[in-house]
Amino acid sequence: MTSFDSTPQLNVWRMLLALAVVFVMLGTTGWTAVRSHRGATTPLAVSLAAWDRGHMGGQRLPDPDRTTPARLTQFFASLDAYQRSRLAARYPLAVGNMNGAPVSLRYRANRIALGQARKVELKRMHDNRLSAAGQHDASRRMQRYEALMAGERRILAFDPMGSGRVAEVFGNLGRAERVSVVVPGVDTDLLTFQRSEHKYTAPVGMAKALYRAERDASPRTRTAVIAWADYTSPSGLGMDAVTGIRAEEGAVRLDALVRALPGRSRVALYCHSYGSVVCGVAARSLPPRVSDIAVAGSPGMRAEKAAQLRTSARVWAVRDSDDWIEDVPHLEFGGLGHGADPMSSEFGARVLSARGAKGHTGYFEPGTDSLRNFAEIGIGAYRAVSCAHKDDACSKGLSDTAEAGRA
């Protein structure tokens, strides 16, 4: 005999109620939004179309959509310095976003592209056809472009279309033995990529803090950290935030980034909030060089158990005691929601200490256990991590050598 508490109808209503709570939580935590669309006439698309028509030394340029990053690397290696510089100057957005192009050339190309985008916004600032709000937006974007061009900043990817996408490197990516990638969550774009106040809540601040912590933990280890906002994140109350649509798009881009990184460095991913959904979707396709996936303040990884991610990487999870994400139902129903709580014992992740972290965005604050743990994972010092509980499986089978077998 079936009890009322377990009837399918009641379970459906419970799920619908839970999803209603999700929407309320999203609506009260700043997830407001408008989706940006990309068309065939975007600046990046125009640059790629020009590349497709281009030639070098009497030969057509390789099609980046049909050529592997390894082959593109070989192509650029066959050119001399002058030829590479010409390509960066002629097709800055194409080269600046091309997986397989030398990272130093991508930095140079993106600096050129940023300069061009700055000029566009400078004109818009004084365009009387725009409203005051439009001119103000142009001013903010111009200031962001100028900031990204300042000093010796290493911009690995840049796309000015819509709310914008960008990625920045801290450290020497070409020489790094270990690379860490910070994957941020909702409301991440060009304007929120870096903040003066609450700087450790934005990708640049997160990545800088992690890079410093890794250097402090092991000065001799050659490390690099990427602040990776090179996907279109959800922005607001729309369906994007509670579905996997943006995560699926982001996962493709994240996988392409990792596969195109130079050398044979080990890679660790640090996935915050919706960024953990991206990492969860990407996990099964990521190459073996990804040794660790750490999620912080996760709404779920679109899996019920870590084993379902089908990755050989270690899976870590962290959440502080006053992170509101804990109150969001961890479930998936009809494509809505992101699955089980990575912090639960049933999920099977290694649960880290978050002592000192506060709120949903405090995991990269200097002095917190979460940041220290992230740094130890980043340099491969697994035995030095602090687990959330002394008697769980967090530290089981850990070794301080990156080449050791994974538990």
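**A close look from the inside out**

Guide: Let's start at S370, which is buried with a relative accessible area of 1%; buried means under 20%, exposed over 50% and partly exposed in between, using a 1.4 Å probe and protein chains only. Please keep in mind that this is a predicted model, in which local features need pLDDT of at least 70 and side-chain atom pairs count only at pLDDT 80 or more, while totals for chains, interfaces and linings use all residues. Residues are numbered from 1 along each chain as its sequence is written, and side-chain values use heavy atoms, with hydrogens and water left out.

S370 lies in helix α11; helices (H or I, at least four residues) and strands (E, at least two) are DSSP runs, numbered from the N terminus. Leaving out residues up to four places away in sequence, S370 touches V318, S353, A354, A357, G362 and Y363, where contact means heavy atoms within 4.5 Å. One of these, A357, is 13 residues away along the chain, and its C-alpha atom is 7.0 Å from that of S370.

V318 leads us to another residue. M343 sits in the loop between β9 (314–318) and β10 (350–351). Apart from neighbours within four places in sequence, M343 is in contact with A317, V318, R319 and V351. M343 is partly exposed, at a relative accessible area of 22%. From M343 to G300 is 43 residues in sequence, yet 9.2 Å in space, C-alpha to C-alpha.

Now follow α11 (residues 369–379) to helix α8, against which it packs at an angle of about 65 degrees with the axes 8 Å apart. Axes here are lines fitted to C-alpha atoms, for helices over the stretch in contact, and angles run from 0 to 180 degrees between N-to-C directions. The crossing of these two helices is right-handed: the near helix is turned clockwise from the far one, whereas a left-handed crossing has it turned anticlockwise by less than a right angle. On the α8 side the contact is made by A209, L210, A213, E214 and A217, and on the α11 side by L371, F374, A375, E376, G378 and I379.

Eight strands form an open, mixed sheet in the order β3-β4-β6-β5-β7-β8-β9-β10; two strands pair if DSSP finds at least two bridges between them. Its edge strands are β3 (154–159) and β10, each pairing on one side only. α8 packs on the sheet, touching β4, β5, β6 and β7, and its direction makes about 165 degrees with that of β6.

β5 pairs with strand β6 (residues 223–229) in the parallel sense over five bridges, and V181 stands opposite I226.

β6, for its part, pairs with strand β4 (residues 165–171) in the antiparallel sense over six bridges, where G171 has A224 as its bridge partner.

One more helix lies on these strands: α10 (residues 274–282) runs across β5, β7 and β8 (290–296), at about 135 degrees to β7. Helix α9 (residues 245–260) packs against α10 at about 60 degrees, with axes 8 Å apart, again in a right-handed crossing. I245, R246, A247, E248, G250, A251 and L254 of α9 meet Y274, V277, V278, C279, V281 and A282 of α10.

Stepping back, the protein chain has 11 helices and 10 strands, and 53% of its 407 residues count as buried. Among contacts between residues at least 6 apart in sequence, 68% join residues at least 24 apart.
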